[in-house]
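Please open the model in your viewer and keep the selection tool at hand, for this tour goes from one stop to the next and says at each what to select and what is there.

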Amino acid sequence: MGRIVLENVVKRFDETEVIPPLDLTIEEGEFAVFVGPSGCGKSTLLRLIAGLEDATAGRVLIDGEDVTEVSPSKRGLAMVFQSYALYPHMTVRKNIAFPMRMAGMSEAEQNERITAAAKSLNLTDYLDRKPGQLSGGQRQRVAIGRAIVREPEAFLFDEPLSNLDAALRVGMRLEISEMHKRLQTTMIYVTHDQVEAMTMADKIVVLQAGVIEQVGSPLELYKTPRNVFVAGFIGSPKMNLLSGVEAAEYDADTIGIRPEHIDISMKSKKGSWEGTVGVAEHLGSDTFIHIHGIPGCDPMTVRAGGDIEVKHGDKIYLSPQAEHIHKFSEDGLRIP
Amino acid sequence: MAIVAQTSKLGTVGRPILAWIVALLFFFPIFWLIFTSFKTDADAVKPEFLFFFTPTLDNYLNMTENYDYWRFATNSVITSVLATAVALFVGIPAAYAMAFNPTRRTKDVLMWMLSTKMLPAAAVLYPMTFLAKGIGLFDTHFVIIIVLALINLPIVVWMLFTYFKEIPKDIIEAGQMDGVNTWGEIKEILIPLAWGGIASTALLCFIFCWNEAYWTVRLTTTDAATLSKLIEGNRAPEGLFFGRLSAVSAAAVGPIVVLGWFCQKQLVQGLTFGAVK
Amino acid sequence: MSSRTLPRLLQTPAVIMLLIWMLIPLGMTLYFSFIRYVLNSLRRPEWTTPSFTNWRGFGNYEFVMNSKDFLFAIQNSLFIVGSILFLTVILGVLIAVLINKAFPGQGLVRVMLISPFFIMPAVNAVLWINMILDPVLGLNGLAVEGINNIIASMHDAPLVGWFFSLWPKIDPISFRATQTSAYAVIIMVTWQWTPFAVLIFMTSLQSEDEQQKEAAILDGAGKWSQFRFLTLPHLGRPIAIVVMIQAIFHLSLYAEIEIVSRGNGNKNLPYLIGEFANNNIGAASATGIFAVILANIIAIFLLRMVGKTLME
């Protein structure tokens, strides 16, 4: 259960077309991540699926059933909001019980599910508190608990981790991934953070200006980005993109090379490019070196080993690994 | 620290004293009203009893006899309470619709509502009298309730709108996902969350209804006449009955002034439509 | 399209009620303003029922514009409203700045200061005109009499008596008189609404950026410069709002004018309408239309000024 299909869905706000006609299928049990820069329409797309926005045209199907005109609560979906959207006037227990109470479920059944959810989310001790008395992470758990107890066809997450601090974010990321493995329910997850997308997704949907740029598994996107936008968006640090003379050598309009696919040398003068070290960021395990002076790409970022010794102003020689060079044509599309 | 350094001695002592003087000056007329209400009518106009007199409660004890106070007070309570209820009953759904389901025209509708407040009541004085008399509602509680509710409706909607706006839209949407219908959104989420705002809106609306002095005077004679009408009709020419008039006036404004003390903060937010916090 | 229709419709009852409240009486006023319509007429009994056969065109408007009170009422309306606005804003800013910082008894000072705002207009007027401003029995009269008595008692004093005997007897001002009744209204309404301005300005002052002030002090700004360049601009929006809200209320002042002097020497448009409405409904309606036009001019002006800041 939980196959979601969008057919020719269009969304317009007044005159502006936020989402031009769009087709997308999310398979049952899949963890799909919508990723893209802010304002790319990813949240709108999620809200269209949820029913919180009405589609201007096209159809939304859940398990083959047309739900385009169905109200949000009847679609059998649960949503976790960025702001958690807990009911501040209700205790944690009442918050979690709310959707079940609205569905007219028996008290006994409600309590059973609340107990189970609270246990799995470590909320048992907090059931009688109000949301205002909880930390950000705990609130997030309550929001997830409220979604779980409904046993929905699919979970929708709208940037759920962006209000948490960095350490908590990593922990919650793992918890959500584990929850997906355990429940095997379809999940759709919206984020602007490509790291979240890469680490959690079965399928990533990259969006820009309402248009799907590419759909695929994290590794597909990493290895064979379909166009310049995806190439630049997926991967951290960003792929270096070069145009002009350097690209012409490879018969392309633009070429891309990831920082981890460049070999460096400090002494011998061999290598395609020569540059000067600007800033070197020592992370311990890796060093990110930002290099100036390379035509068509300034600065160029290179990922090197953690124990390399470089400093500002050093001359440095770079050679890209030929098999990892991505070539793009004039219209930004990948040249195979 | 810098601020402390700049404050002169005179400022630290003089400022509070000046503030107290100003406050006492502003409060003085009210004090004087209460003070006079304990004088007999005869004493109230004698300079020799200006400050020193034998206080009496007679003015309050005889309010019913002298002015039929309780009849007017009952009318004020009935009309103000019910008008507030009507205004909220219509205003809450309207403010809900505008705060959470705005359309392109919502701003214009709100501005238009505010502009109806600027329509001079006097311009429609005769048609209202004519209509009220025509359908036999002149001098009834019903017509006063409806008119009071309507003249306060724009402010009620505006106030509620600003309070509702403070509720994150996400929470309402979470409710929609969780399966509440429109009525449930209002009952289960909106009203409990905005309870404080609704209460202060109600309080302010009640105060305005209670103090209203145009329609309550012009659309009533006896049956539905409120305290405004009572005071307006007994304005005591040339100093007769200062004592008893003070007592009934104090009784007419006392409850409202006390209510007002409790809702100062909400008053600011409400009257400025949330623009000043 | 479907799911949000019902919630959106929930505003219609309020809109329709206000629309009816506006349009029907206003439509009738407009109709009456173009016909001859009086409540009592022995000579022309047919004028006592509204009918199109009594069509008068702009006759009522001409009649109103030629009546001696009309221009005076407009001027007086603006004079009263303008004076009250001026006084309440100035007093409001001064008092708000005065009581803004914490001092002993600040809470009580606030409570005392705000109290006049909750007094019903009828009581306000009765209280001021009788017990305070009355030239004989009010505090006004008593104070003047007291001063006269003191001076009189000094007449027989040795050495300086001749000096005091040169002093004239002071006459108390009567605030019910033609020349002064507008001042009485301005005094009592200013008394009632200054607290409102104080309350709003004070609330606004509390949200003033303290760090900004400290930065200004470090930059060498004195007290006056701080007030002039930081506090006053910060109060700009609240001042605009105070002006708008008061204009709404004071353009339709009625009870105070009625109680102070029954309009003697002091009419505004609402009062003039009330006077006409005693018999000449046509003229009252035409005046009403003028009042609506005046209110609209002011409303457009004010909403332009304040409207945008409200929607933010």
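This is a predicted model: local features need pLDDT of at least 70, side-chain atom pairs count only at pLDDT 80 or more; totals for chains, interfaces and linings use all residues.

Begin with P237(A), which sits in the loop of chain A that runs between helix 8 (228-233) and strand 11 (240-243).

Now colour chain A by its domains, taking 4-231 as domain 1 and 241-328 as domain 2. Seven residues from domain 1 of chain A and six residues from domain 2 of chain A take part in the contact, while the C-alpha centres of these two domains lie 38 Å apart.

Staying in chain A, select E151(A), in the loop between helix 4 (136-148) and strand 7 (154-158). The phi of E151(A) is near 45 degrees, which is a positive value in a residue other than glycine. Is E151(A) buried or exposed? With a relative accessible area of 57%, E151(A) is exposed, because the cut-off for that word is over 50%.

Move on to E159(A), which belongs to the loop between strand 7 and helix 5 (166-183) of chain A. E159(A) is not a glycine either, and has a positive phi of about 40 degrees. E159(A) has a relative accessible area of 10% and is therefore buried, as the limit is under 20%.

Next, display chain B by itself, where you will find 16 helices and zero strands. The radius of gyration of chain B is 24 Å, whereas a compact globule of 277 residues would have one near 19 Å, and the C-alpha trace spans about 75 × 70 × 35 Å along its principal axes. Of the 277 residues in chain B, 60% are buried. For a view by domains, select 2-59 as domain 1 of chain B and 69-233 as domain 2, and note that their C-alpha centres lie 36 Å apart.

For the last stop, go to chain C and select N124(C), a residue of helix 6 (residues 121-132). N124(C) is buried, with a relative accessible area of 0%. Leaving aside residues up to four places away in sequence, show what N124(C) touches, namely I119(C), M188(C), V189(C), W191(C) and Q192(C).

Notes:
Residues are numbered from 1 along each chain as its sequence is written. Chains are lettered from A and ligands numbered from 1 in the order in which they are written. Side-chain values use heavy atoms; hydrogens and water are left out. Helices (H or I, at least four residues) and strands (E, at least two) are DSSP runs, numbered from the N terminus. The radius of gyration is taken over C-alpha atoms; the globule rule is 2.2 Å times the number of residues to the power 0.38. Buried means under 20% relative accessible area, exposed over 50%, partly exposed in between (1.4 Å probe, protein chains only). Contact means heavy atoms within 4.5 Å. Domain bounds come from an automatic or database domain assignment.
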